[in-house]
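I opened the model to take notes on it. The entries below are in the order I looked things up.

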Amino acid sequence: MSERYYLTCIGCGSKYDPNNIIYKCYRCGDLLSVEYSGEVMKAEIASKWNLRDFTVWRYAELLPVSDKSKIVSLGEGGTSLNKCVRLGCEASLKNIYVKNEGENPTGSFKDRGMTVGVTKALELGMKRVACASTGNTSASLAAYAARAGLECMVLIPSGKVAFGKLIQAIVHGAKVIQVKGNFDEALKIVEEICATQPVYLLNSINPYRLEGQKTIAFEIWDQLHHNVPDKVIVPVGNAGNISAIWKGFKELYAAGLTEKLPEMIGIQAEGAAPIATFIRERLEKIRFVEKPETVATAIRIGSPVNWKKAVRAIEESNGLAETVSDEEILSAQRLLAQREGIFVEPAGAAAVAGLIKLADMKLIDRDEVVVCILTGHGLKDPDIILKQFSKPVEIEADIGALIKMLSLNP
Ligand code: F0G
């Protein structure tokens, strides 16, 4: 077993060699997590981090890669953390920040996971990679597979993937397969293929991918001058990202780099909210949503594979889960674009819709430091904008026409 890290089951605690190609525990079938040996978890690592560029690989000591010469990178991570005064005013809150993950190479946080996951595919000697996706995972995997020279297959729900994301997967040369069903059904098929064929699965059930995504937590801590926020608000779909970010904060805590942990808040769309329903209604058993529906197609997911990790993250952190309507999502998208100059796709806006709702419910104190994770770029889904806004006016190419138009529309 590697000395630096290993795989462990979150259910029965079984440990596995990190070079196993394994996505679930052989013994109990539960999810796996990457853990590091105690030696690594020392505060001195922070001084090494300070010397490196602000990218995912700044945090190499807590990333599960053995051979650094094989890293497949597009410069992912290092996204900006913007303080949003005008958005804060809207919600009567003083310390609101947004982490703009749309700045990543393919326009979403998935790139953080793919740089690690695709590097791992190379380390494990795999020649083919695959995923099911609501769009961003496929765009990201297609790009990183291209850079690594790997064959890539992506399964997407037919007609339910935003146009920009589809284009990305196509241009990067992935084999794009539309499934007549939803994301959950596509994931089931691709999981089966990867269990029986030499194809490496890069959905968030793959614990290595989540390791890359946990760097969102490290970066927030770095950007807040080695402080941790009071609350972190994350849109939840397949539930990998909120779990990964929580793991990142816990690792900072274990390394003695912070004495505080944030509350994790998961936001789901009303029509695709099995985790929020489970937590809010204190159900004994999770009820998956058979026909999930939301304008935020990225999180149109009814059976999130990482639900157990996400519920744990929310409960351990004393956080909460909330739902937002499609109207609230689209209004938050407009607000961010028009008051803060930040254009996000609807799923990303769900975090801000959640912020506004929770502020209205008085569940956030005025002085608390809150970070919303804006998960994807707005250009990914142009159709949703065209549906909401009227087309710009058209005039003849002369000054008179312009003056006339301006007097009609001052
Ligand atoms: N926001 C965006 C923009 C996403 O693309 C996703 C997930 C999420 C939030 C939710 O993250 O699944 O970790 O809870 N998109 C996946 C995909 C499912 O296939 O691109 P999660």
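**Entry 1: a buried glutamate**

I started at Glu 219, which counts as buried because its relative accessibility is 0%, where the cut-off for buried is under 20%. I am working from a predicted model. I placed Glu 219 in helix H8, residues 215–223.

I then asked which residues Glu 219 touches, leaving out those up to four places away in sequence. I found Phe 54, Thr 55, Val 56, Tyr 59, Gly 77, Gly 78, Thr 79, Lys 99 and Arg 112. I also checked the spacing to Arg 112: this residue is 107 residues from Glu 219 along the chain, and their C-alpha atoms are separated by 12 Å.

**Entry 2: helix H8**

I looked at how enclosed the helix is. Eight of the nine residues of H8 are buried, so the helix is largely enclosed by the rest of the structure. I listed the buried ones as Thr 215, Ile 216, Ala 217, Phe 218, Glu 219, Ile 220, Trp 221 and Asp 222.

What do the buried residues of H8 pack against? I noted the helices H1 (45–50), H3 (110–123), H7 (207–213) and H9 (240–254), along with the strands E5 (95–100) and E13 (369–374). Following H8 I came to His 225, which has a positive phi near 55°.

**Entry 3: helix H12**

I turned to H12, residues 326–340, to check its length. Its 15 residues should span 21 Å at 1.5 Å a residue, and the end C-alpha atoms are 21 Å apart, so the two values agree.

I read off the buried residues of H12 as Ile 329, Leu 330, Ala 332, Gln 333, Leu 335 and Leu 336. For reading such a list I kept in mind that an α-helix has 3.6 residues a turn, so residues three or four places apart point the same way. Just after H12, I found Gly 341 with a positive phi of about 75°.

**Entry 4: the whole chain**

I counted 15 helices and 13 strands in the chain. The C-alpha trace spans about 75 × 50 × 45 Å along its principal axes. For 410 residues a compact globule would have a radius of gyration near 22 Å, and the chain has 21 Å, which agrees.

Of the 410 residues, 58% count as buried. The accessible surface comes to about 17,500 Å², with 51% of it belonging to carbon and sulfur atoms. Among contacts with a separation of 6 or more, 69% join residues 24 or more positions apart.

Last, I looked at the charges. The chain has 49 positive and 49 negative charges, and their mean positions are 3 Å apart.

Conventions: Residues are numbered from 1 along each chain as its sequence is written. This is a predicted model: local features need pLDDT of at least 70, side-chain atom pairs count only at pLDDT 80 or more; totals for chains, interfaces and linings use all residues. Side-chain values use heavy atoms; hydrogens and water are left out. Helices (H or I, at least four residues) and strands (E, at least two) are DSSP runs, numbered from the N terminus. The expected span of a helix is 1.5 Å times one less than its number of residues. Buried means under 20% relative accessible area, exposed over 50%, partly exposed in between (1.4 Å probe, protein chains only). The radius of gyration is taken over C-alpha atoms; the globule rule is 2.2 Å times the number of residues to the power 0.38. Contact means heavy atoms within 4.5 Å. Accessible areas come from the Shrake-Rupley method with a 1.4 Å probe; for residues, only the protein chains shown count as cover. Lys and Arg count as positive and Asp and Glu as negative; His and the chain ends are not counted. The place of a charge is taken as NZ of Lys, CZ of Arg, CG of Asp or CD of Glu.
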